[in-house]
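Subject: Structure handover

Hello,

Here is the structure I said I would pass on. My notes on it follow below.

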Amino acid sequence: MLRSIQFLGSYSGFLFHRLKLHGNHYRLSFITTSTTTRCFRQFRASSIRSESNPDVTSSSSSSAPATSRSIGSARKINFCQSCGGPTKHEIPDGDEKERAICTLCGKIAYENPKMVVGCLIEHDNKILLCKRKIQPSYGLWTLPAGYMEIGESATEGAIRETWEEAGAKVKVISPFAQLDIPLIGQTYLIFLAKLMTPHFSPGPESSECKLFALDDIPYESLSFSSMLITLKLYIEDIKVGKPKFHYGLINKWPGTSPSEIHAYTFDYHLRT
Ligand SMILES: [Zn+2]
């Protein structure tokens, strides 16, 4: 289920740049090509309800919606992952962020965002969703998705997660959306996919898997903001033609409950 990530390459007209700053720390920037429409669009959800995420540890006490990009904070690392020694928390020379530094071996623990990969599976004008049988968001619907593993590609991870959660063998068709959630250090990469055989069944982490017509998507019972946005973008695209490729920032409102999937702004929306 949901389990670093640097992109270097191009997707549907987007060029991704990776700039090395200090040590392990990278920043992404984008160059749009002439085929890309740049849409600085901001979605604002009309009501407050929930994001759920296993990696959320804490957030600030403010309940006001973020009007600018939210900045996530790293989890506290108290012991060195190399030698087990206690750490101190300082900004290393030449760096700009506080890191956990081992007081015995000097190793610096760099924490980077995690990538979640998944599939938006189209079949007979319907979409395959899974009802979660695990926390967080037990009983809510999601696209099959989870943390990418070391040693696998993003597509391999998306296919694996789909098999594990939905018992479905799929063929990836194209990338559909990359959604960054800076506050919690995650990036979602969702692929459009097709069933290779018309069979699916819930895996250990799902209680039910079901194909939903686009008019029947259970918006009030979805598990994560990323899934809500992915489905909205897909349906918008289908209404006017074919799916595009989307990039955007999900800025969760600081202080909102992880289960409040509508508590976000969707910023810097770029699409092919
Ligand atoms: Zn150490």
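Two strands are said to pair if DSSP finds at least two bridges between them. By that rule, strand β7 (residues 99–102) pairs with β8 in the antiparallel sense, over two bridges. Please bear in mind that this is a predicted model.

The overall picture first. The protein has 272 residues, of which 36% count as buried. Its secondary structure consists of two helices and 17 strands.

The β6-β7-β8 sheet

β7 and β8 belong to an open sheet of three strands, in the order β6-β7-β8, with antiparallel pairing. β6 (87–90) and β8 (108–109) are at the edges with a single partner strand each, so one side of each has no neighbour in the sheet.

Is strand β13 largely enclosed or largely open, and why? Nine of the twelve residues in β13 (residues 170–181) are buried, so the rest of the structure largely encloses this strand.

In general, the strands of a sheet pair through backbone hydrogen bonds, and the sense can be parallel or antiparallel. β13 has a pairing of each kind. With strand β14 (residues 186–195) the sense is antiparallel, over ten bridges; with strand β16 (residues 246–252) the sense is parallel, over four bridges.

- Ser174 is opposite Leu192 of β14.
- Gln178 has Tyr247 of β16 as its bridge partner.
- Gly185 has a positive phi near 65°, in the hairpin of β13 and β14, where four residues lie between the strands.

Helix α1

Helix α1 covers residues 154–166, which is 13 residues. From first C-alpha to last it reaches 18 Å, close to the 18 Å expected at 1.5 Å a residue. Just after α1 comes Gly167, with a positive phi of about 55°.

Which residues of α1 are buried? They are Ala154, Gly157, Ala158, Ile159, Glu161, Thr162, Glu165 and Ala166. The elements that cover these buried residues include β13 and β14, along with β9 (114–123), β10 (126–132), β12 (145–147) and β15 (206–213).

Regards

Definitions and conventions:
Residues numbered from 1 in each chain as written. Predicted model: local features only at pLDDT ≥ 70, side-chain atom pairs only at ≥ 80, totals over all residues. Buried ≥ 20, exposed ≤ 12 C-beta atoms within 10 Å, placed from the backbone. Expected span 1.5 Å × (residues − 1). Contact = placed C-beta atoms within 7 Å.
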